[in-house]
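Could you take a look at the aromatic contacts in this one? I've jotted down a few points to go with it.

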Amino acid sequence: MPAMGAFQKGYVVAIVLAVMTILEYLFAVHVDDLQVRFLGLAITALAKVYFIAYYFMHIYRCWREEAH
Amino acid sequence: MYAATTIGGGLGTGLLSFYLGLGVAALLRSLFGFDAWDRDFNASIGYIFGLIGWLMGVGMWGTWGREWFGAKIKDPHANSRKELGWQRYFMFNVDHKVIGVQYLVTFLVVFILAGAMAMVIRLELMDSGRDFVSNKTYNTVLGMHGIMMVAVAVAAVVGGLGNYAVPLMIGADDMAFPRMNALSYWLVPPVAVTLLLSPFLGGLETGWTAYPPLSVLTQSAQTFWNLAIITFGLSSILGGLNFVVTVMFMRAPGMTWGRLPMFVWSMFVTAWLALLYTQGFAVALIMVTLDRIAGMGFFDAARGGDPLLYQHVFWFYSHPAVYIMILPGFGIALEVIGHFSRKPLFAYRYAVGAFLGILGLSGVVWAHHMFTAGIPNYLHGPFLVATELISIPTGLIFLSALGTIWMGKLWLRTPMLFALAVIFNFACGGVTGIFLADVPTDIHLQDTYFVVAHFHYTIVGGEIFGLFAGIYYWFPKITGRMYNEKLAKLHFWWMFIGFNVTFFIMHWPGIEGMNRRIADYPQSLETANLIVSLSAFMLGASFLVFIYNFVNSWVRGPAAEANPWGARTLEWQTSSPPPVENFLQPPVIAGHPYDYGVPGAAPHVTFYPPAVGSPAGGGGGGQ
Amino acid sequence: MAVIAAHGAQTHGAGHMSPAKRLQVNRVGLWLFFFSESIIFGLLFTSRFFLLGTHQEHVDQFLGLVITIVLLASSVTAYTAETAMEKGNRKLAAWSLFATILLGVVFAIGVGFEWSVAEFGIKTAVEGQDPHNVVWGTVFFSMTGLHAAHVVSGVLMLGLALMMLLRGHFSKDSHWGISSTIMYWHFVDVVWVFYYPALYLVAGGGTHTG
């Protein structure tokens, strides 16, 4: 998302996260197979953490200082 | 009296906050419809309040806390002023050299106290039957000896020598987070006080491991003990974090990873271990505390809890903890052997790889403490193999040490003697470890004095000998005075012989099945125990020589030169003791720290711009 | 001597670090702190599966989803606050911080409400419950409790940051106090990303599964 302003970027990520959360919930409630459910929840959680850590917490700034 | 106002202020606000916490807890309890007073619950809340009050009172408020509210803070470096003299050591001081001395002296005192408790244990075990102390007292003394020695092993080298030497050795003027460094230290006195008070609050019954269900059910000082250890864990985590960031970011120009002295490498790996695993002990004790004061059921089998959970979480920390203890010992040993053999350290890269290998393996071996605890059989094999894999990196460290000694011009001063003893003792501790890692022999040896002998060989023989190697090695740097070499050598031989006789003989009753932690044993083992006790008293007495030498040399020893060992590393290139800012000129690193006698080797350090009248440069190609 | 030429002018040490380096050191230190804290959370998380497998007792799914969304929303306002601060918009930063604090308080109240309506306790089995699963109460209350303690401390720190901002501290180029607090807040959100499925969803939203 290079062309986007910083605020907009945050909102897009937030919408993605919100959609993922709701999908996660619906997925968990409707899937009966324990293994599939567990795997799906684990993958969703890791993806959400990636989004939060990268876009919200700016983990990349640890090794690449942002240009002002 | 700056010192009196600091300590008095800390104690005052600490006690007031403690009582405030008691009151708040009572208020909350009555609001929610419980009895207003429950000793362990109210005291826990009081402890947390008191701890914060103590920290703020000793000076954190003025140099740090006010900042959180946008107020001006006092210059944190003000307490480093030279003219304060000895009182600097009793203040909230951010200078890593002062903090190092604070740690070192505090933990030497704890070491002596815990050693005295070992004397009580050996007195009781001199012959079978109950003689001197009651079972309850014996349990308390044993538990206190265990936990205090663990604390010494975890913090004396890391907090004391590490704090003092690491920033100097990498050419920094302080740690990355100086105020957090002071915080790590000032968390320690409440821990020590709470631990020392535990005999008066009901004693200890669970030893240092605090296994449930006993630790949940016991009517002893368990909750206070838990809180103290959690606090100590916090101190250890913050200290570890500080070391990691310091070594990553505070190295002088030219100090590449390949040029770090071995001691710095060992501290770096140790700091990672403290940062990653100490939470295990804290979480385990938080669970015990919740079970005790909030009626939770983590370890209550009747409610679906599982006491084994405690052992998993606890050993998840406490096995890596033994590497927190031993790696600094190895680091000091390699450092000292390197400098006192007067030749380049053999297999530097392999030794560094060994440290990193231990860091990697340490997290996957914990269940070897639980072979007899009822873990599933399919876990035995993997943990046996993982545990024995550790001997590969350990072997590389031995390879480095022995290869350095080989054909070296050994300079047998006291630090070198202690460093060589580390190698000798740990070889014995390592070999006995194999019997404990192997499931079949471990089932026989578990919970016997064989285990006690084994871990004393590794921790005392490895780390505590390393601690003394470090103390004698850096004594001239820290104090600016030279210790008495004759007394130091007397201390060494006395301690070495006392230690080896005590713990070598101790394997014997262990193989015969003598239980640890029990105040009594079959009569047939009396001979062995008498020998062990007598030599343990001898071992204990050897520290009197050390104390006399340490105190006497610090007060009136002859002044030491900047670099009495002719060593190449950075800390010896500044004055003894170093100025507050460590180096008057910024150091620049160009060569390897151990290139003794290598033709054409660049000096390890030069100063930029070259200092006029600075101590002899780092060229020292031989002595 | 090229090394000296290259580094000679460079300052060294904590006392005279450049602001950019100080910031990087602080940032890495904070990340290591998160790393270290996530092990505390991770051990409790693992204990939950060690003790109960994927079994769970009945919890209010709707309430769980709502507080999860509230916490996510608070992360968005926190992000807005930090971005506003980077662009020098103090007013937006202050309002966003305020909104974050508000949402944090709502989350904490939600957890408190959840506790008060929970159909399980920590002491004894309720009617028709397998007594071996009573430990669910212990697991649920300690995990949400530890997380809520972090939420409350985060709210307090955000409050201090807002107070300092309103008093005129912080600027476009120097606002580590706000950034670090907001990173802490995101970290609290990250923990919930794992805790929410582990406590609410892993048994398929129902009870007595696994």
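Here are my notes on the ring pairs and on the charges over rings.

1. First, a reminder that this is a predicted model. Counting over all chains, it holds 93 aromatic pairs. I picked out two of them, both in chain B.

2. Start with Phe281(B) and Tyr317(B): the ring centres are 5.6 Å apart and the planes sit at 25°, under the 30 degrees cut-off, so this pair is stacked. Phe281(B) belongs to helix 9 (residues 262-293) and Tyr317(B) to helix 10 (residues 307-341), so the contact ties together parts of chain B that are 36 residues apart in sequence. Phe281(B) is buried, at a relative accessible area of 6%, and Tyr317(B) is buried too, at 5%.

3. Next, have a look at Tyr457(B) and Phe499(B). Here the centres are 5.0 Å apart, and the planes make an angle of 70°, which is over 60, so the pair is edge-to-face. It links distant parts of the chain, with Tyr457(B) in helix 16 (residues 449-479) and Phe499(B) in helix 17 (residues 485-511), 42 residues apart. Tyr457(B) is buried, with a relative accessible area of 1%; Phe499(B) is buried as well, at 0%.

4. Last, which rings have an arginine over the face? One is Phe41(B), where Arg29(B) lies 4.8 Å from the ring centre. Another is Trp257(B), with Arg251(B) over its face at 4.1 Å from the ring centre.

Note on methods. Residues numbered from 1 in each chain as written. Chains lettered and ligands numbered in written order. Predicted model: local features only at pLDDT ≥ 70, side-chain atom pairs only at ≥ 80, totals over all residues. Heavy atoms only, no water. Phe/Tyr/Trp six-rings, centres within 6.5 Å; stacked < 30°, edge-to-face > 60°. Helix = DSSP H or I, 4+ residues; strand = E, 2+ residues; numbered from the N terminus. Buried < 20%, exposed > 50% of the residue type's maximum accessible area, 1.4 Å probe, protein only. Lys NZ or Arg CZ within 6 Å of the ring centre and 35° of its normal.
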